[in-house]
Amino acid sequence: MSNNKMVSRVENERVLVLERVFDAPRDLVFQMFKEPEHLKHWWGPRGWELTVCTVDFQPDGVWHYCMKCVDRNQGQFYGMESWGKAVYKEIAEPEKIVYTDYFSDAEGNTNETMPSTVVSLEFIDLDGKTKLVNRGEYVSADALKTVIDMGMMQGITETWDRLEERLNEVK
């Protein structure tokens with residue numbers, strides 16, 4: 001297995017841990033999660049783009065975004081919008097970002113019917129490369145199962161592939 005592919009595991013039935021090594025310096029990988037200009041190029045699965053992306057990168061700050069499907073080959077998803085909102089809890093540049101991830105609407109109101117997630121991103125310096133560890137803590141095992149059944153793993157894999165492409169473009 002090549003070392004740039006994603007590894008995943010579940011801890012305590014409701015924590016999804018994803019790890020992947022990127023061939024780019026830690027500072028740069030961290031910037032990818034901080035700067036709207038970078039996020040717009042890679043956040044979301046293939047065929048989706050960020051039409052809205054506002055980032056207030058500080059504790060209690062909000063990242064509000066809209067992903068829109070622009071790929072006609074995705075059939076029923078084409079033209080669909082998915083709004084999300086993250087509220088930053090902890091930022092330690094360039095080592096760590098912790099935020100709560102919500103489904104939201106265009107006004108930034110959270111969708112209480114969908115499970116929120118506490119996401120912790122850890123950026124580990126590996127001699128010029130960066131190991132990214134993403135821990136997503138769900139309210140229950142059922143909530144985790146719900147997002148996995150929605151096809152989240154494919155979405156995250158494609159998103160991280162796009163992150164890698166973006167890193168290769170700018171590094």
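A cavity is a set of grid points where a 1.4 Å probe fits but cannot get out. I kept that in mind while going through this predicted model.

**Entry: cavity**

I found one cavity of 30 Å³ or more. The largest cavity holds about 30 Å³. What lines the largest cavity? I noted Phe-33, Trp-63, Tyr-88, Ile-97, Tyr-99 and Leu-121. By class, that lining has six nonpolar residues, with no polar and no charged ones.

Next I turned to open space. The largest pocket has about 1,100 Å³. I counted 37 lining residues, and the closest to the pocket centre are Pro-45, Met-67, Phe-103, Met-152 and Gly-155. Which element gives the most to this lining? I found α4, with seven residues. Helix α4 spans 152-170. Other elements that supply at least two residues each include β2 (15-22), β4 (62-69), β5 (81-92) and β6 (96-103). I also wrote down β7 (117-126) and β8 (129-138), which each meet that mark too. By class I logged 23 nonpolar, eleven polar and three charged residues in the pocket lining.

**Entry: aromatic rings**

I then listed ring pairs. The count comes to twelve aromatic pairs. I examined Phe-57 with Tyr-88: the ring centres are 5.2 Å apart and the planes stand at 75°, so the pair is edge-to-face. This pair links distant parts of the chain, 31 residues apart. Phe-57 sits in the loop between β3 (48-55) and β4, while Tyr-88 sits in strand β5. Are these two residues buried or exposed? Both Phe-57 and Tyr-88 are buried.

**Entry: cysteines**

I searched the whole structure for disulfides and got zero. A disulfide needs the sulfur atoms within 2.5 Å. Cys-69 is in no disulfide either, and the nearest cysteine sulfur, again that of Cys-66, is 11 Å away. I checked burial as well. Cys-53 is buried at a relative accessible area of 10%. Cys-69 is buried at 1%.

**Entry: backbone**

Most residues other than glycine have a negative phi, and most peptide bonds are trans.

Glu-93 and Pro-94 are joined by a cis peptide bond, with omega about 0°. Pro-94 lies in the loop between β5 and β6.

Asn-12 has a positive phi of about 50° and is not a glycine. I placed Asn-12 in the loop between β1 (7-11) and β2. Its relative accessibility is 67%, so Asn-12 counts as exposed.

Glu-13 also shows a positive phi, about 65°, and is not a glycine. Glu-13 belongs to the loop between β1 and β2. At 61% relative accessibility, Glu-13 counts as exposed.

**Entry: record**

Last, I checked the UniProt record. The unreviewed entry lists residues 23-167 as "domain: Activator of Hsp90 ATPase homologue 1/2-like C-terminal". I computed the span in the model: its end C-alpha atoms lie 8 Å apart. The span is 28% helix and 39% strand.

Notes
Residues are numbered from 1 along each chain as its sequence is written. This is a predicted model: local features need pLDDT of at least 70, side-chain atom pairs count only at pLDDT 80 or more; totals for chains, interfaces and linings use all residues. Side-chain values use heavy atoms; hydrogens and water are left out. On a 1 Å grid over the protein atoms alone, a cavity is a set of points where a 1.4 Å probe fits but cannot get out, and a pocket is an open set with protein on both sides within 12 Å along at least five of seven lines; lining residues have an atom within 4 Å of a point. Grid points are joined across faces, edges and corners, and a volume is the space filled by probe spheres set on the points. Helices (H or I, at least four residues) and strands (E, at least two) are DSSP runs, numbered from the N terminus. Ala, Val, Leu, Ile, Met, Phe, Trp, Tyr, Cys and Pro count as nonpolar, Asp, Glu, Lys and Arg as charged, and the others, Gly among them, as polar. Buried means under 20% relative accessible area, exposed over 50%, partly exposed in between (1.4 Å probe, protein chains only). Rings of Phe, Tyr and Trp (its six-membered ring) pair if their centres lie within 6.5 Å; planes under 30 degrees apart count as stacked, over 60 as edge-to-face and the rest as tilted. UniProt positions are given in the numbering used here, feature names are shortened, and annotations may be inferred rather than shown by experiment.
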